[in-house]
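Opening my notebook on this one.

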Amino acid sequence: MLEGPLLEYSGPPLALMHLMQAVQRLVVIALGIVLFFPVGPDGILGFVLFVAEIVLVASLALTLLRASMGRMRIDQALIFFFTWPEALGLAGLALVVRFV
């Protein structure tokens with residue numbers, strides 16, 4: 001189903017819309033990294049390089065995930081996301097309870 005601004009725009013405005021979404025994705029990833037990894041190498045340059053490296057790895061992982069699951073149906077996604085990530089989360093919770 002096509003709707004919204006992506007249907008109405010074409011040419012340069014559509015390209016700007018895609019660029020805006022890409023920049024938004026990078027900003028959200030960087031914000032999450034800065035919030036959840038507050039400790040990095042010493043100095044401003046070391047911290048900036050640390051954040052840039054993790055942003056690059058996270059954006060590559062997100063791109064790989066989006067490219068590999070482009071045709072996944074919602075029923076397949078529910079089965080996938082309720083098995084593997086849930087099992088990993090429960091294993092992590094068990095490790096935290098066991099060792100803390």
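My entries follow, and I keep in mind that the model is predicted.

**Helix pair.** I started with how two helices pack, since a packed pair is described by the angle between the axes and the distance between them. I looked up α2, residues 12–36, against α3, residues 44–68. Their axes are 9 Å apart and the packing angle is about 125°. I therefore put α2 and α3 down as oblique to each other. The crossing of α2 over α3 is right-handed.

**Who touches whom.** From α2 I have Arg-25, Leu-26, Ile-29, Ala-30, Ile-33 and Val-34. They meet Val-51, Ile-54, Val-55, Ala-58, Ser-59, Leu-62 and Arg-66 of α3. I sorted the residues of this contact by type and got 10 nonpolar, 1 polar and 2 charged.

**Salt bridges.** How many salt bridges does a search of the whole structure find? I got 1. Arg-73 and Asp-75 have side chains that meet in a salt bridge, at 3.3 Å from N to O. I also checked accessibility for both partners. Asp-75 has 38% relative accessibility, so I note Asp-75 as partly exposed. Arg-73 comes out at 48%, so Arg-73 is partly exposed too.

**Val-28.** Is Val-28 buried or exposed? I find this residue in helix α2, and Val-28 is exposed because its relative accessible area is 53%, with the cut-off for exposed at over 50%. Last, I took a distance from Val-28 to Gln-76: 27 Å, C-alpha to C-alpha, for a sequence separation of 48 residues.

Technical notes. Residues numbered from 1 in each chain as written. Predicted model: local features only at pLDDT ≥ 70, side-chain atom pairs only at ≥ 80, totals over all residues. Heavy atoms only, no water. Axes fitted to C-alpha atoms, helices over the stretch in contact; angles between N-to-C directions. Helix = DSSP H or I, 4+ residues; strand = E, 2+ residues; numbered from the N terminus. Parallel < 35°, antiparallel > 145°, perpendicular 65-115°, else oblique. Left-handed = near helix turned anticlockwise from the far one by under 90°. Contact = heavy atoms within 4.5 Å. Nonpolar A, V, L, I, M, F, W, Y, C, P; charged D, E, K, R; others polar. Salt bridge = Lys/Arg side-chain N within 4 Å of Asp/Glu carboxyl O. Buried < 20%, exposed > 50% of the residue type's maximum accessible area, 1.4 Å probe, protein only.
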